[in-house]
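Dear colleague,

I am passing on to you the structure discussed for your work. Please find the sequence and the coordinates directly below, followed by an account of what was found.

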Amino acid sequence: MTQSSAERASPGADADLADSDIADSDLADAEDDVGTETSDGVFEPVAAPEPVQGAAPAPEAPIDPASPARFINRELSWLAFNQRVLEEALNPNHPLLERVRFLSISASNLDEFYMVRVAGLKAQVALGVKSRSQDGLSPAKQLTAIAAGVNKLMADQQACWRQLLVELEAADIRVLPTAGLSEEDRAWLEQTFLDDMFPVLTPLAIDPAHPFPFIPNLGFCLALLLGNLSEGRELNAIVPIPGLLPRFVRLPGPDLRFCLVEDVILMFIDRLFPGFETRDHGVFRVIRDSEIEIDEEAEDLVKTFESALKRRRRGIVIRLAVNASMTGSLREFVRKELNVPAEDVFPLDGLIGLVDTKEIIAEDRSDLMFPGYSARFPERIRDFGGDCFAAIRAKDLIVHHPYESFDVVVQFLRQAAADPDVVAIKQTLYRTSKNSPIVAALIEAAEAGKSVTAMVELKARFDEEANIRWARDLERAGAQVVYGFMTLKTHAKISLVVRREASGLRGYVHYGTGNYHPITARIYTDLSFFTCDPLLCRDAIAVFNYMTGYATPRKLEKLSIAPLHLRKSLAGLIRQETANAKAGLPAQIWAKMNSLVDRKVIDLLYEASQAGVRIELVIRGICCLRPGIPGLSETIRVRSIVGRFLEHSRIVVFANGRPLPSAEARVFMSSADWMGRNLDGRIETLVPLENETVHRQVLEQIMVANLRDETNTWFLGADGAYRRLPLNAGGFGSHRYFMTNPSLSGRGSALRGANRRGGGPAGADDLSTDEP
């Protein structure tokens, strides 16, 4: 079962996503025609999209460059992103069960938004904070605006679920009420209840002797008003439904038929409360504040995080979802017992906990899922008999995930662990998977006596517990484990191998835009850059020394890192394009990232636009910049790509005095989005890509394909609203293109004498003529 881009937005997807089962079947022959191709395999230009139909015109009056109105609110921009995720659940070009997955992801995203962002704003209001966001809204006004947006989003989610139910039934997938079941089905459910549910359910009567219990974050419960048949009195009760029980109980038989677990429990509620009748019932679900605050003076960081994780589970309730059909008295009972303000109670006419809909995505209906896709293994590595070090010595290599296999990264570290000539490995770990092959390779290397240093980030949201476990496993194997800075997250992705060779010690380094996580690497679009460039290797050593010993590097030779140099380097590059425009030279910026929030960077882009710099931004999620404002940002165009894979790579390109794309352009990959937290509060990297093949691949393949995309693209208007290009299944799709066209630097000997399909220069497509 392949995972669609929804999960990339769920908790932990940097965090911004989630667990998955992913098929390893090949899509190479599924789609042959991807864009317009000439006889020699080089793609012809794809025309710039026409102005989006229905797009609101730019405001008649220009916005004052000093006005807060020049920014879009961050939280509302995030809600707009999650609305785009939800729209994929309604996209008829996607298989039906993949659409269900998008709905589930949208619901999961909203849960995390409340646990972190809304919780933070509520805390500010409770503390009387009056400071305004960069767009001029107080915390209280932001919460008011969020509430309106969330109400619409949740109503749209329920409407989407109702529509999907109709289409699922037409495809012989049904979610059934228990009332109309056959006697055979009822008998099977009764046995299932007794065997699998009854032993783990705890009926809880609520009275002075039995206080209302603690309901954990994401807790899901039945609320009941019961009548005692013998005594004639009424009793409130709840039944917490453990997360280990499936929400959708599959009935026996070849067809996909499901019942909701709460309906099954209600069928047999007399087994839990014998002698009582049910007079009212409903379900509720709680969301708690899940942000962690850490005392900066904590002496033992691991113990501090372990106690903070326990506090997270007991955070205050910030959202209570209930059935709209639940009577007012029962709803008020639940609200008061949980101490939830009335404005944080959300009655929903539909399914509570839409995130659980992913449970109906069954392997036996693969016909309703994306065709399986098997990532290519770079031919460059095969040309050297699988020897990663020999391939890297020959030439720099970039691997484009998920289209090219993450196994290259794993093989790089496994080879280092087994190679007797390798003397040291240094590795950052922000997120990784269960049974991580990366951690296994580091443990093997440490047990073999190599010097292994692991920079483990404990503050990776929702992955803290897993990272603590990995850290202890590594320490037991003899690795040096460092937890970095109390005030900075280590978000950089660096793996350094030092090897003894005839000429002396040589370094091999991997810089990435994504996490060392083999599962998410199958669904996130990311870049893995391998090089033995001595300068970039020395820079990597300096960064590790900074992280492990607070040894601030006086100077880095090629790399820029946050929080020391990255912001300054980025500002200098933008200002150079501004100066080029003022001097009459071609001036362009292309950038791709997850989020654009930082006010200083946005103002620099506005200044560049006013000077005439043409700016193309591919921003998957939050974008606080307003494009297309006369006199402020009229040369800036912002698009968001949402589709099968989660756009996660960060790339930035500067024209450097020549029209893009060109060999003279300055091309960088980065671990950082353009947010204050990344530029000032994290360890991040900005890596120059100078090798000719790598440069061409990132600029002329990856960036041009993103700017040509017609099937997954939304354009941001000056009003802050996104408008999708008309759905066109036959249009050029960047995801489909990368799935069917091998990368330049990974082709190796396969490139020689072969059709350079999709790998030729895109210079013929002079995007400098595009009107934003």
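The mean pLDDT of the protein is 85, and 84% of its residues reach 70 or more. Two stretches call for caution. Residues 1-60 have a pLDDT below 50, although this stretch has 195 contacts in the model beyond near neighbours in sequence. The pLDDT is also below 50 over residues 292-313, where 40 such contacts occur. Where pLDDT is low, the predicted coordinates should not be read in detail.

Nonpolar cores

The largest nonpolar core comprises 123 residues. Within this core, the residues with the most contacts are Ile 265, Leu 596, Leu 605, Leu 617 and Leu 625. The element that gives the most to the core is helix H2, residues 96-126, with 15 residues. Another core lies apart from this one; it has 53 residues, and Val 498, Ala 542, Val 543 and Leu 707 are among them.

Helix packing

Two packed helices are described by the angle between their axes and the distance between the axes. Two pairs are reported here.

The axes of helix H1 (residues 74-88) and helix H3 come within 10 Å and cross at roughly 5°. Angles under 35 degrees count as roughly parallel, and H1 and H3 are therefore roughly parallel to each other. On the H1 side, the contact is made by Glu 75, Leu 76, Leu 79, Asn 82, Gln 83 and Leu 86. The H3 side includes Ala 145, Ile 146, Val 150, Leu 153 and Cys 160, as well as Lys 152 and Asp 156. By class, eight residues of the contact of H1 with H3 are nonpolar, five are polar and three are charged.

Helix H11 (residues 407-418) packs against helix H12 (residues 437-447) at an angle of about 10°, and their axes are 8 Å apart. H11 and H12 are therefore also roughly parallel to each other. From H11, the residues in contact are Val 409, Val 410, Leu 413, Arg 414, Ala 417 and Ala 418. They meet Pro 437, Ile 438, Ala 441, Leu 442, Glu 444 and Ala 445 of H12. The contact of H11 with H12 divides into ten nonpolar residues, no polar residues and two charged ones.

Backbone geometry

Most residues other than glycine have a negative phi, and most peptide bonds are trans. The following sites depart from that pattern.

A cis peptide bond joins Ala 562 and Pro 563, with omega at about 5°. Pro 563 is located in the loop between strand E18 (560-562) and helix H15 (566-582). The peptide bond from Leu 660 to Pro 661 is also cis, and its omega is near -5°. Pro 661 lies in the loop between strand E23 (650-654) and strand E24 (666-670).

The loop between E23 and E24 also holds Asn 656, whose phi is positive, near 60°. Asn 656 is partly exposed, with a relative accessible area of 36%. Asp 172 likewise has a positive phi, of about 65°, although it is not a glycine. Asp 172 sits in the loop between helix H3 (139-170) and strand E1 (173-175), and is partly exposed at a relative accessible area of 40%.

Two buried loop residues

Ser 138 is placed in the loop between H2 and H3. With a relative accessibility of 14%, Ser 138 counts as buried. Beyond its neighbours within four places in sequence, Ser 138 is in contact with Lys 130, Ser 131 and Arg 132.

Gly 731 belongs to the loop between strand E27 (722-724) and helix H19 (734-740). Gly 731 is buried, with a relative accessible area of 3%. Not counting residues up to four places away in sequence, Gly 731 touches Glu 710, Thr 711 and Arg 736. The C-alpha atoms of Gly 731 and Asp 709 are separated by 7.9 Å, while the two residues are 22 residues apart along the chain.

Yours sincerely

Notes. Residues are numbered from 1 along each chain as its sequence is written. This is a predicted model: local features need pLDDT of at least 70, side-chain atom pairs count only at pLDDT 80 or more; totals for chains, interfaces and linings use all residues. Side-chain values use heavy atoms; hydrogens and water are left out. A nonpolar core is a set of buried Ala, Val, Leu, Ile, Met, Phe, Trp, Tyr and Cys residues joined through side-chain atoms within 4.5 Å. Buried means under 20% relative accessible area, exposed over 50%, partly exposed in between (1.4 Å probe, protein chains only). Helices (H or I, at least four residues) and strands (E, at least two) are DSSP runs, numbered from the N terminus. Axes are lines fitted to C-alpha atoms, for helices over the stretch in contact, and angles run from 0 to 180 degrees between N-to-C directions. Angles under 35 degrees count as roughly parallel, over 145 as roughly antiparallel, 65 to 115 as roughly perpendicular and the rest as oblique. Contact means heavy atoms within 4.5 Å. Ala, Val, Leu, Ile, Met, Phe, Trp, Tyr, Cys and Pro count as nonpolar, Asp, Glu, Lys and Arg as charged, and the others, Gly among them, as polar. pLDDT is the predictor's confidence in each residue, from 0 to 100.
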